[in-house]
Structures are given as C-alpha cells and as structure tokens.
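Keep the model open beside you and look up each residue as you read.

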Amino acid sequence: MRLVVDTSIIISSLMKDSESRRLMLLPDLDLFTPEYVHVEIERHAGKIMGYTGLSDNEYNLLMGNLLSHVNVIHFDHVEILPGSGFLEYLHVWDQSWSIPNFRELSYRPICYIQGLSLYLVVGPDPIFSMRFILISSSTIRITVPLDIPILLDISEEELSP
Amino acid sequence: MVSMTLSIPEDLHILIKKHSEIKWSEIARRALWDYARKLQLLDDIALKSVLTEEDVNEIHKELKKAVHSHYREHIE
C-alpha cells in the first residue's frame, strides 16, 4: 500500500509511545511525502530536537531512520493548484467515493497523487486537514483525514470505485 | 528454536530455486535480526523522548506554515 504521510505523523513518531512510528516502520508500506516537508524538517531540526529532549545523536538516528522509510516526492512531480479549483475535484471525488464528512474538507489545503504526480490544492489555511492519502499508480484513491486504524483496516480493493 | 513459515511471491520463488547453494533460511534469519534490532534500537531511543501531543501540534503547525508558504510562492 502506498501512502502520503503528513508532517504530524512524522513528528509524532518521535513520541515515546507512538502508533505513528509503528506504522511508519511497517515494511510493506510505501510512504511518500513532498520534498518541502523534508526540507522544513531539516531546517527545524534544532527546535524539534529541543522538544524531544534527545541528544544530537539520538535525534539523528531516530529521525534519520524514520525518514529513510519515506520516499521524497520531488517538486518536479508536484503540481500546485489554487484552492479555488478544489471544488471541481471535490465534485468528482464526491461521486466516486461515499466518504463521511468529505465536504468538511472544502477549501482546506489538500494534496493527492495521480499517476506519478502529486497534486497539491493550496487554500488559505496552512494546516492541511488530511493525515494520510492512499494512492495508487493510476487513479486517485482517497484523500480524507482518516485515523490510522481505520485506514489500515481498508484494503485497496475495497476502496476501488 | 522456533520454526516460521513464510509466504513468498511466485517470481521470487523462481529466482530462489536457481540458487540452491544458498541457505535461504539463513538469509531470512539475518534479515529478521537486522529489522528487529533496528526496531528495538529506535524504541529504546524513543523511550527517552519527552515530546508531547501538544508539542507535536505546535511543531506540525509551524512546519505546515513553512511548507505552505513554499507552495503559495509557486501559485503567486
């Protein structure tokens, strides 16, 4: 299964008892995140490390190992769409997927992958609402703020339109 | 010692059969050790972490603002 992980998942993986870390280290998941997420995690490394209370070595070992499980989606493969275009896609998705509370995502920044490209719909709110995006190689699968256990309980076949 | 049974894809099995000189159970055992040790090491490090849910939210917001500003630059 291929998933796009949000920054909150990566950061919460540094917590003592972290379900996110368990998920990120599952070898049968292919995880992805946009290039800028890696850039900003690197840029904020000192601050993040300060919150964790870990030493330089411990932080680098932990974060390095976690990020080694996350594939970088280079910016060349990212297409940015303005938030106003989101409704157009929401219409399509709404018909394809019967996702509870899907409309609550309107105008929130959200991203999804189609084929090899990551599409980012950027709205006024900088806090992305989604946590994971399930993707496939050829079709949009789903983009909703699912909780981890729910997502893991759903197979790709079950999500197919 | 305990025994484990593994399921592998057919195409992998075809490759493996070409190299009967390899003790594949040893390869699997080493891979299991490597991954298990890594998980243990990361768990041990994380045990020392004092990061809280509130901290995660704060860092998340800050990172998201920074990432978001990169994307906005591309739109504007």
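This is a predicted model: local features need pLDDT of at least 70, side-chain atom pairs count only at pLDDT 80 or more; totals for chains, interfaces and linings use all residues.

1. You'll find B:Val50 in the loop between H2 and H3 of chain B. Setting aside neighbours within four places in sequence, B:Val50 touches A:Tyr51, A:Thr52 and A:Gly53 from chain A, plus B:Asp55 from chain B.

2. Now zoom out to chain B. Its secondary structure is three helices and zero strands, so reading from the N terminus you get α-α-α. Of the 76 residues in chain B, 22% are buried. The chain exposes about 5900 Å², and carbon and sulfur atoms supply 59% of that area.

3. How buried is A:Leu62, in terms of relative accessible area? The value is 0%, so A:Leu62 is buried; the cut-off is under 20%.

4. What does A:Leu62 touch, leaving aside its neighbours within four places in sequence? From chain A the partners are A:Leu14, A:Arg21 and A:Leu54, and from chain B they are B:Leu42, B:Ile45 and B:Ala46. Take the pair A:Leu62 and A:Leu14: they are 48 residues apart in sequence, yet their C-alpha atoms are 7.4 Å apart in space.

5. In soluble globular proteins, nonpolar side chains tend to be buried together. Here, the largest nonpolar core has 32 residues. A:Leu62 is among those with the most contacts inside it, along with A:Ile10, A:Ile11, A:Leu14, A:Ile41, A:Tyr59 and A:Met63. Both chains take part: helices H1 (7-12), H2 (19-24), H3 (35-43), H4 (45-52) and H5 (56-67) of chain A each give two or more residues, as do helices H2 (24-46) and H3 (53-75) of chain B. The largest share, five residues, comes from H5(A).

6. Rolling a probe the size of a water molecule over the atoms shows where empty space is left. The largest pocket has a volume of about 470 Å³. It is lined by 15 residues, and the closest to its centre are B:Met4, B:Ser25, B:Ala28, B:Arg29 and B:Leu32. Helix H1 (10-17) and H2 of chain B each give two or more residues to this lining, with H2(B) making the largest contribution, six residues. Sorted by class, the lining has eleven nonpolar, three polar and one charged residues.

7. Which residues line the second largest pocket? Chain A brings A:Lys16, A:Asp17, A:Ser18, A:Glu19, A:Arg21, A:Arg22, A:Leu25, A:Leu26 and A:Pro27, while chain B brings B:Tyr35, B:Leu39 and B:Asp43. H2 of chain A and H2 of chain B each supply at least two of the lining residues. The volume is about 230 Å³, and by class the lining has five nonpolar, one polar and six charged residues.

Notes
Residues are numbered from 1 along each chain as its sequence is written. Chains are lettered from A and ligands numbered from 1 in the order in which they are written. Side-chain values use heavy atoms; hydrogens and water are left out. Helices (H or I, at least four residues) and strands (E, at least two) are DSSP runs, numbered from the N terminus. Buried means under 20% relative accessible area, exposed over 50%, partly exposed in between (1.4 Å probe, protein chains only). Accessible areas come from the Shrake-Rupley method with a 1.4 Å probe; for residues, only the protein chains shown count as cover. A nonpolar core is a set of buried Ala, Val, Leu, Ile, Met, Phe, Trp, Tyr and Cys residues joined through side-chain atoms within 4.5 Å. Contact means heavy atoms within 4.5 Å. On a 1 Å grid over the protein atoms alone, a cavity is a set of points where a 1.4 Å probe fits but cannot get out, and a pocket is an open set with protein on both sides within 12 Å along at least five of seven lines; lining residues have an atom within 4 Å of a point. Grid points are joined across faces, edges and corners, and a volume is the space filled by probe spheres set on the points. Ala, Val, Leu, Ile, Met, Phe, Trp, Tyr, Cys and Pro count as nonpolar, Asp, Glu, Lys and Arg as charged, and the others, Gly among them, as polar.
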